[in-house]
Amino acid sequence: MKKVTITTGALIIEKNKILLMKRQGRLFPNYWSLPGGQVEQGEDVITAIKREVQEEINCTFVPETDVNVSHYENNEQHIISIIIKGSMKGTPRPDHQEASDMRWYTYEELQQLPIAFNYKKFLTNNHHIFTKT
């Protein structure tokens with residue numbers, strides 16, 4: 001039986017560009033991803049995404065009401081990612097433990113990037129989110 005993991009992804013868009021971080025570590029190293037991560041036991045999704053954004057990019061995440069779900073599955077696990085649109089307070093800086101870099105990308109630019117999990121499919125299927133800010 002596969003392990004099911006609940007994660008969060010912060011959808012931060014400014015001036016029609018999305019903030020992505022370059023991952024470090026075991027899963028998808030050197031791939032780009034939404035800031036976010038696992039929901040810990042006893043933690044709600046909003047608390048988890050705020051914690052993860054603070055840890056990874058040193059900013060305060062301010063969630064909005066848009067919530068989406070993305071799935072990624074491999075031989076060992078099924079990851080369900082709760083994607084929450086929001087804004088941030090502060091200047092993003094990578095933590096150099098989970099994130100080695102971060103940049104703002106247009107929809108067109110992200111099509112050329114290696115993107116972790118199933119986020120590229122999610123972003124491609126939801127192209128309209130780039131023009132709602």
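Student: How many bridges join S2 to S3?
Tutor: Keep in mind that this is a predicted model. In it, 2 bridges join S2 to S3, and the two strands run antiparallel. Lys22 stands opposite Trp32 in S3.

Student: And in which sense do S2 and strand S6 pair?
Tutor: Antiparallel, over 6 bridges. S6 covers residues 99–105. Leu19 stands opposite Trp104 there.

Student: What about S1 and S2, what do they form?
Tutor: A hairpin, with 2 residues between the strands. Lys15 in the turn has a positive phi of about 50 degrees. S1 and S2 pair in the antiparallel sense over 2 bridges. Glu14 has Lys17 in S2 as its bridge partner.

Student: Why is S2 called largely enclosed?
Tutor: Because 5 of its 7 residues are buried.

Student: New topic. How much space lies in the largest pocket?
Tutor: About 460 Å³. The lining has 28 residues, and the closest to the pocket centre are Arg23, Leu27, Gly37, Gln38 and Phe117.

Student: Which strand gives the most to that lining?
Tutor: S1, with 4 residues. Helix H1, strand S4 and strand S5 each supply at least two.

Student: What is the lining like by class?
Tutor: It has 14 polar, 8 charged and 6 nonpolar residues.

Methods:
Residues are numbered from 1 along each chain as its sequence is written. This is a predicted model: local features need pLDDT of at least 70, side-chain atom pairs count only at pLDDT 80 or more; totals for chains, interfaces and linings use all residues. Side-chain values use heavy atoms; hydrogens and water are left out. On a 1 Å grid over the protein atoms alone, a cavity is a set of points where a 1.4 Å probe fits but cannot get out, and a pocket is an open set with protein on both sides within 12 Å along at least five of seven lines; lining residues have an atom within 4 Å of a point. Grid points are joined across faces, edges and corners, and a volume is the space filled by probe spheres set on the points. Ala, Val, Leu, Ile, Met, Phe, Trp, Tyr, Cys and Pro count as nonpolar, Asp, Glu, Lys and Arg as charged, and the others, Gly among them, as polar. Buried means under 20% relative accessible area, exposed over 50%, partly exposed in between (1.4 Å probe, protein chains only). Two strands pair if DSSP finds at least two bridges between them.
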